[in-house]
Amino acid sequence: MDFIFIIGPSAVGKTTLAKELYKHYNGVYLEQNMVPEFIIPDDVEDVGVYEEQLCWENVLLQLKFFYDKGCRNIVSLDYDDYRAREFPKIFKGYNFIILRLVSSDTEQIRRQMIHRHNNEGGLYALEQIERSNQVIMNRNLLPNEVKVDVAGKSKEEVLKSVIDIIDNYSPLLDYDYQLDDEHNYLSWVQSRNLN
C-alpha cells in the first residue's frame, strides 16, 4: 500500500492503531500535528483556518516527499474530517486506503477520552464526542475508504482486523469523484461552521 490514512473522532484509537501499523508494515508514521512550530502573522484574519491550511499543505508535501523517496506503507493521521474528502482527489492513481474508525458504542469513546485526558493529555472535548462520532460514522464512504467499528474490541482485535482489511484490499486507481459537500463533514476550525 502506498498510503494508509486513518481518520475518525477523537479518542477512537487512531494514534494507537497508527503506531502499530507503522511498526507492522515498516513504513512511515506521519501526523498532521508534526508540522514545525510557526508564528502566525498579526494580519491573519482567521487564525484557525490559516493554521490548519499551513499544516495541511505541509503534510501533503511530506507525504509526497516520502513517496518519491521510495517509501511505502506511509501511515498518516490526525486530519480534520473535512480534509478526508480531499484524499480521493489528491491521491487518485495511488494505492491508498482510508480507514475511518468509529464506534457504535459512544460510551466507549467517552471512557477513552476521559482516560486520555487524565493519563495522556491531548484534545479533550467530551461534550462533542457523541455528535462528532455520529456525523463521521454516518456520512457516505469515499473512494478507497473502509469504515471500521471499534465498539467492544480491544486494541489488539482492532489491529488484527485492520491488518486483514489492508492485506486483502484492492484500492481503486481510477474512479469518478467530485468533492463531496463539505457540510457532510466536521472541522475543528469553528469558523468553517461545519460542526
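## Close-ups of a predicted model

**View 1. Strand 4, buried on both sides.** Phe96, Ile98, Arg100 and Val102 point one way from strand 4, while Ile97, Leu99 and Leu101 point the other way, and all are buried (under 20% relative accessible area; exposed is over 50% and partly exposed lies in between, using a 1.4 Å probe and protein chains only). That makes 7 of the 7 residues of strand 4 buried, so this strand is largely enclosed by the rest of the structure. Helices (H or I, at least four residues) and strands (E, at least two) are DSSP runs, numbered from the N terminus. A word on the ground rules: this is a predicted model, where local features need pLDDT of at least 70, side-chain atom pairs count only at pLDDT 80 or more, and totals for chains, interfaces and linings use all residues. Residues are numbered from 1 along each chain as its sequence is written, and side-chain values use heavy atoms, with hydrogens and water left out.

**View 2. The parallel neighbours of strand 4.** Strand 1 and strand 4 run parallel and are joined by 5 bridges (two strands pair if DSSP finds at least two bridges between them). One spot to look at is isoleucine 4, whose bridge partner in strand 4 is isoleucine 97. Strand 5 also pairs with strand 4 in the parallel sense, over 5 bridges. There, leucine 101 has valine 148 of strand 5 as its bridge partner.

**View 3. Valine 102, tucked into strand 4.** Valine 102 sits in strand 4 and counts as buried at 1% relative accessibility. Skipping residues up to four places away in sequence, valine 102 touches Val12, Asn133, Ile136, Met137, Lys147, Val148, Asp149, Val150 and Ala151 (contact means heavy atoms within 4.5 Å). For a sense of scale, valine 102 and tyrosine 22 are 80 residues apart along the chain, and their C-alpha atoms are separated by 20 Å.

**View 4. Strand 3 and its partners.** Strand 3 is covered on both faces, with Ile74 and Ser76 buried on one side and Val75 and Leu77 buried on the other. Strand 1 pairs with strand 3 in the parallel sense over 4 bridges, and isoleucine 6 has leucine 77 of strand 3 as its bridge partner. Strand 2 (residues 28–31) also runs parallel to strand 3, joined to it by 4 bridges. Here tyrosine 29 stands opposite valine 75.

**View 5. Helix 7 and its buried side.** Helix 7 (residues 155–167) has 13 residues and reaches 18 Å from its first C-alpha to its last, close to the 18 Å expected at 1.5 Å a residue (the expected span is 1.5 Å times one less than the number of residues). Val158, Leu159, Val162, Ile163 and Ile166 are buried in helix 7. They cover an arc of only 130° around the axis, which puts them on the same side of helix 7 (the arc is that of the directions from the helix axis to the C-beta atoms). Glu156 and Lys160, on the other side of helix 7, are exposed. The buried residues of this helix pack against strand 1 (3–7), helix 1 (14–25), strand 4 (96–102) and strand 5 (145–149).

**View 6. The largest nonpolar core.** This core has 24 residues, and those with the most contacts inside it are Ile4, Ile6, Leu17, Leu21, Leu99, Val162 and Ile166 (a nonpolar core is a set of buried Ala, Val, Leu, Ile, Met, Phe, Trp, Tyr and Cys residues joined through side-chain atoms within 4.5 Å). Strand 1, helix 1, strand 3 (74–77), strand 4, strand 5 and helix 7 each give two or more residues to this core. Helix 7 supplies the largest share, 5 residues.

View 7. Asparagine 26, in the loop between helix 1 and strand 2, has phi near 50°, a positive value in a residue other than glycine. Asparagine 73 also has a positive phi, about 55°, and lies in the loop between helix 2 and strand 3. Which of them is buried and which exposed? Asparagine 26 counts as exposed at 68% relative accessibility, whereas asparagine 73 counts as buried at 16%. Aspartate 80, in the loop between strand 3 and helix 3 (81–84), is buried, with a relative accessible area of 6%.
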